[in-house]
Amino acid sequence: MTTPVPMDLPSCADAAGPDSLPVEAARRRMLDDIQPLIERESLPLRAAIGRVLADDVPAPIDVPAHTNSAMDGYALRGADLDDRGAAELRVVGEAFAGRPYPRAVGQGDCVRIMTGAPMPLNCDTVVMQEKAQGPHSGRSVQPGHVLLAPGQRPGQNVRQAGEDLRRGAVALPAGRRLTAADLGLLASLGRAEVPVRRRPRVAFFSTGDELCSVGETPADGQIYDSNRYSLFGMLHGLGVETRDLGVVRDDPAALREVLREASSDCDMVLSSGGVSVGEADRVKQVLGELGTLAFWKIAMKPGRPLTFGRLGGAWFFGLPGNPVAVMVTFYQFVQPALRRLMGESNLTPMTFHATSLERIAKRPGRTEFLRGILRPSDDPANAGPQVRKAGKQGSGILTSMSLANCFIVLPPECGGVAPGDDVPVQPFEGLF
Ligand code: AMP
Ligand code: MG
């Protein structure tokens with residue numbers, strides 16, 4: 001490490017203390033507590049995009065359903081090829097996709113076939129049209145016959161029934177968040193509806209006397225509330241139902257009321273702010289009266305203080321107030337928690353390595369999440385992805401968050417990064 005780390009709030013900038021919890025440990029504790037929602041619904045295919053499958057979907061048929069041709073050409077019996085892999089065969093008919101050749105094919109015979117057409121009975125091989133000289137080629141062959149060039153192999157150019165999916169095999173497993181390809185796959189199985197988990201209802205609010213909402217005129221010293229908008233965006237990306245409870249004043253009675261109301265009909269409640277010195281004790285007291293909560297100091301930057309637990313019938317996350325800290329803690333904790341609640345099996349953010357183009361100062365102790373810009377290498381000698389910082393890294397600076405397309409995740413033991421070092425990165429992947 002070469003340059004000193006810039007300081008946030010005094011309460012957030014000290015190195016990881018003995019009582020602080022590593023990111024991974026906090027995530028594990030939280031995920032151990034949360035069980036998927038039990039309720040499910042059956043949805044038409046299109047409405048199920050982005051939803052999480054509640055049951056395995058087995059293939060009711062082989063895919064492809066029929067052994068079929070992978071080429072336009074001629075279908076034949078592989079045994080009719082001579083020792084050079086050539087043949088001259090009589091053309092007895094045609095097979096199209098959706099219009100099969102209706103009879104068995106005899107020795108010395110073949111069928112003109114199109115891509116996707118079911119293989120005629122007795123045929124196991126297709127010779128592509130470009131390797132065939134027949135009536136269409138202009139070359140003289142016996143009338144009604146086709147000459148197949150040497151080099152053909154028995155069994156070639158045929159897609160076997162069930163080679164993609166066997167009847168009865170699991171086509172898509174429970175816990176899968178349905179993608180565009182999945183919808184296509186389900187349609188190819190003839191599925192019109194699928195069972196998915198219910199969408200969680202998530203309420204969120206901001207705390208702070210200094211906050212005003214967009215559309216209002218800020219009083220002297222007030223700032224606009226941005227967290228409710230970034231939270232909405234992230235929740236929307238996950239496909240949950242949202243309930244915006246607005247700004248709550250720094251007043252225990254107001255906080256008590258909004259928490260009671262939110263936890264009565266939501267699966268999860270998110271608050272931001274109210275964790276700095278002076279506010280934190282009051283907030284803790286109210287939360288302590290209403291629920292069973294853990295107040296964690298997480299060995300991370302930004303986003304050190306995090307409250308997690310049960311509030312009535314809902315899960316509760318008390319997120320930090322700083323706009324970037326909110327997004328970092330959402331991505332690292334709330335997102336996997338919601339994915340678990342939705343029954344998804346794939347929970348942790350994808351992490352891989354990229355070459356840092358810059359020096360990054362860091363002290364060992366905490367996991368640091370920096371906003372990064374990931375891009376393909378322009379260096380032919382070093383072809384992997386490259387990453388640089390997206391700009392100023394203060395925990396209130398949203399412009400660099402907006403420019404970023406990944407987090408650079410520096411683990412606790414890391415004591416700084418030199419240009420050319422490999423660093424772990426987590427791409428945002430459409431979540432933000
Ligand atoms: P707090 O934890 O409430 O002390 O907030 C920490 C910092 O984040 C303060 O500078 C707050 O003004 C700021 N902050 C808190 N909530 C919001 C919000 N919803 N939108 C924008 N900034 C906020
Ligand atoms: Mg505050």
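Two strands count as paired if DSSP finds at least two bridges between them, and I kept that in mind as I began on this predicted model.

**Entry 1, strand S24.** I looked up the partners of strand S24 (residues 386–389) and found that it pairs with strand S22 (residues 352–356) in the parallel sense, over two bridges. On that side, I noted that Thr355 has Gln386 of S24 as its bridge partner. I then turned to strand S23 (residues 367–375), which pairs with S24 in the antiparallel sense over four bridges, and here the partner of Leu374 in S24 is Val387.

Which residues of H4 are buried? I listed Asn227, Arg228, Ser230, Leu231, Met234, Leu235 and Leu238. They cover an arc of only 165 degrees around the axis, and therefore lie on the same side of H4. When I asked what the buried residues of H4 pack against, I found strand S13 (201–207), strand S16 (241–248), strand S17 (268–272), strand S21 (314–319) and helix H7 (323–341).

My search of the whole structure gave 19 salt bridges, and I followed up a few of them. One is between Arg201 and Asp265, whose closest N and O atoms are 3.2 Å apart; this pair links distant parts of the chain, since Arg201 is in strand S13 and Asp265 in helix H5 (residues 252–265), 64 residues apart. I noted Arg201 as partly exposed, with a relative accessible area of 28%, and Asp265 as partly exposed too, at 36% relative accessibility.

Another joins the side chains of Arg243 and Glu261, at 2.7 Å from N to O, and links strand S16, where Arg243 lies, to helix H5, where Glu261 lies, across 18 residues. Glu261 is partly exposed, with a relative accessible area of 41%. I also saw that salt bridges with shared partners join Arg201, Glu241, Arg243, Glu261 and Asp265 into one network.

Last, I looked up Glu344, which forms a salt bridge with Arg339, the closest N and O atoms being 2.9 Å apart. Are these two residues buried or exposed? I found both Glu344 and Arg339 to be buried.

Key. Residues numbered from 1 in each chain as written. Chains lettered and ligands numbered in written order. Predicted model: local features only at pLDDT ≥ 70, side-chain atom pairs only at ≥ 80, totals over all residues. Heavy atoms only, no water. Buried < 20%, exposed > 50% of the residue type's maximum accessible area, 1.4 Å probe, protein only. Arc of directions from axis to C-beta. Contact = heavy atoms within 4.5 Å. Salt bridge = Lys/Arg side-chain N within 4 Å of Asp/Glu carboxyl O.
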